[in-house]
Amino acid sequence: MKLATRISLFFVAALAVVLIGFSGSIYWLVRAHLVYQLDDRADDALDALNAVIETGPNGLEWEGLERRPPIAANSASEPLIWGVFDLRGKKVDGTPNTDLQFVQPNAHVVGNGQEKQDVTWNSGTWRVTRRQLSLDEGPGRGRSKGLAPEEESRTNSYSSLILAVGTPLDHLTHQLQLLIIALVAVSAVIWLIAAFLGRALCRNALSPLTRMTE
């Protein structure tokens with residue numbers, strides 16, 4: 001194998017590694033940004049739901065029936081659905097959608113906290129963000145009048161509430177697929193141009209040495 005060919009192969013191989021690393025970095029940065037925007041929107045929606053909950057003498061009171069939470073439930077590309085549940089998984093309020101049950105909390109969710117989960121629903125993938133709110137037991141806190149769980153919905157007071165927001169991932173997946181196609185196409189064009197020009201440059205630069213060797 002000629003020296004010019006060896007140098008050209010090394011050059012194009014190194015360029016391929018650089019392009020793959022650069023494209024991969026761009027992909028993960030964009031993906032992280034899009035996921036952050038999606039999660040940030042869900043957190044804003046949960047904060048809006050949280051603002052509607054009041055602390056009453058018997059526990060947490062959902063005031064959403066009197067004043068609706070300011071949530072942009074739908075948009076052209078990324079709809080959003082939400083629900084409020086008690087610890088038994090019974091829906092207290094939420095988006096008027098009979099299939100909203102997919103955002104019901106898992107049985108293992110305990111205590112105050114927030115979790116995210118990707119679920120398949122309605123022929124698509126959705127990210128569900130849940131936040132559980134509970135009153136600390138103590139003087140003046142919790143169910144001070146000792147309401148039974150079956151009486152909570154009747155009195156509109158709850159010892160704990162779970163807020164759930166669902167956002168679709170299909171639009172994000174489509175954007176990432178377009179990004180992959182663009183990165184692959186641009187990287188391939190750059191690699192082909194560099195390989196062609198690099199081989200010609202190596203051949204011209206090493207031509208005196210080749211003639212001396214011959």
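Q: How many bridges join strand 1 to strand 2?
A: Four, and strand 1 and strand 2 (residues 59-62) run antiparallel in this predicted model. Strands are DSSP runs of E, at least two residues, and helices are runs of H or I, at least four residues, numbered from the N terminus. Two strands pair if DSSP finds at least two bridges between them.

Q: Which residue is the bridge partner of I53?
A: W62, in strand 2.

Q: What order do the strands of that open sheet have?
A: The order is 1-2-7, three strands with antiparallel pairing. Strand 1 (53-56) and strand 7 (157-158) are at the edges with a single partner strand each, so one side of each has no neighbour in the sheet.

Q: Switching topic: where is confidence lowest and highest?
A: Helix 2 (residues 149-155) is lowest, at a mean pLDDT of 53, and helix 1 (residues 3-51) is highest, at 88. pLDDT is the predictor's confidence in each residue, from 0 to 100. The chain mean is 77.

Q: And the largest nonpolar core, which residues have the most contacts inside it?
A: L49, W62, W82 and V165, in a core of 19 residues. Such a core is a set of buried (under 20% relative accessible area, 1.4 Å probe, protein chains only) Ala, Val, Leu, Ile, Met, Phe, Trp, Tyr and Cys residues joined through side-chain atoms within 4.5 Å.

Q: Which element gives the largest share?
A: Helix 1, with five residues.

Q: What are the ground rules?
A: Residues are numbered from 1 along each chain as its sequence is written, and side-chain values use heavy atoms, without hydrogens and water. As the model is predicted, local features need pLDDT of at least 70 and side-chain atom pairs count only at pLDDT 80 or more, while totals for chains, interfaces and linings use all residues.

Methods
Buried means under 20% relative accessible area, exposed over 50%, partly exposed in between (1.4 Å probe, protein chains only).
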